[in-house]
Amino acid sequence: MKLEQLYSLYVKDLYNYLFSLCRHTQTAEDLLQDTFYKAHVTLLAQPIKELKPWLFKVAYYTYIDYCRKEKRSEPYEEIVRIDHTTPEMVFMQEDSFTTLLNLLDQLAPIEKQAILLCDVQDCTNEQAAEILDLKLNTLKSHLLRGRKKMRSIIEKGGIKNG
């Protein structure tokens with residue numbers, strides 16, 4: 001499969017996944033670009049059987065690398081943030097996806113990852129376990145705990161299931 005085909009098939013899902021991790025549009029776009037660069041380099045050297053879970057794994061580790069790099073770099077002076085709110089950003093804030101992300105932020109990171117991959121990105125449990133480098137039963141435990149916590153949070157917050 002050509003890189004262009006791969007990109008057009010998975011760009012939206014990968015962007016949504018990366019955005020849900022970092023919650024910043026520009027960072028998600030940068031991480032997406034890095035993910036496809038790494039994918040391109042690897043695909044030139046070897047074929048990959050299951051592309052979607054493999055791409056999510058590449059995206060996940062690209063995000064982890066980004067987080068590690070951010071922890072190491074300390075700003076020399078405090079940067080004043082300017083609010084560059086656009087109509088698109090306002091729409092995204094009001095979107096139900098953002099509501100879901102806010103709820104997911106209340107979970108443990110591994111539970112959030114399990115729910116994002118299995119319930120939002122439609123990965124199988126096996127694929128999600130491989131992406132997160134977990135045993136299948138461990139992933140299932142995190143998924144179950146995360147779903148229970150989400151139900152509890154929704155019930156306490158007054159959000160009702162449709």
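**A close look at helix 6 and helix 7**

Modeller: Helix 6 and helix 7 lie oblique to each other, because their axes cross at roughly 135°. Angles under 35 degrees count as roughly parallel, over 145 as roughly antiparallel, 65 to 115 as roughly perpendicular, and the rest as oblique. The two axes come within 9 Å. An axis here is a line fitted to C-alpha atoms, for helices over the stretch in contact, and angles run from 0 to 180 degrees between N-to-C directions. The crossing of helix 6 and helix 7 is right-handed.

A word on the ground rules. This is a predicted model, where local features need pLDDT of at least 70 and side-chain atom pairs count only at pLDDT 80 or more, while totals for chains, interfaces and linings use all residues. Residues are numbered from 1 along each chain as its sequence is written, and side-chain values use heavy atoms, with hydrogens and water left out.

Now the setting. The protein chain has eight helices and zero strands. Helices (H or I, at least four residues) and strands (E, at least two) are DSSP runs, numbered from the N terminus. The chain has 162 residues, and 34% of them are buried. Buried means under 20% relative accessible area, exposed over 50%, and partly exposed in between, with a 1.4 Å probe and protein chains only. Take the contacts in the chain with a separation of 6 or more: residues 24 or more positions apart account for 62% of them. A contact means heavy atoms within 4.5 Å.

Back to the pair. From helix 6, Ile110, Gln113, Ala114, Leu117 and Cys118 meet Asn125, Ala128, Ile131 and Leu132 of helix 7. The buried residues of helix 6 include Gln113, Ala114, Leu117 and Cys118, and also Glu111 and Lys112. Those buried residues pack against helix 1, helix 3, helix 5, helix 7 and helix 8. In helix 7 the buried residues are Gln127, Ala128, Ala129, Ile131 and Leu132. They pack against helix 3, helix 6 and helix 8.

Look next at what follows each helix. After helix 6 comes Asp122, with a positive phi near 60°. Asp122 is not a glycine. This residue sits in the loop between helix 6 and helix 7. Asp122 counts as exposed because its relative accessibility is 60%. After helix 7 comes Asp133, and its phi is positive too, near 60°. Asp133 is likewise a residue other than glycine. It belongs to the loop between helix 7 and helix 8. Asp133 counts as exposed because its relative accessibility is 58%.

Nonpolar side chains tend to be buried together in soluble globular proteins. Here the largest nonpolar core has 42 residues. Such a core is a set of buried Ala, Val, Leu, Ile, Met, Phe, Trp, Tyr and Cys residues joined through side-chain atoms within 4.5 Å. Helix 6 (109-120) and helix 7 (125-132) are among the helices that each supply at least two residues of this core. Helix 3 gives the largest share, nine residues.

Leu14, Tyr17, Leu18 and Leu117 have the most contacts inside the core. Leu14 is in helix 1. Leu14 counts as buried because its relative accessibility is 0%. With residues up to four places away again left out, Leu14 touches Leu32, Phe36, Leu55, Phe56 and Ala59.

Terms used:
A crossing is left-handed if the near helix is turned anticlockwise from the far one by less than a right angle, and right-handed if clockwise.
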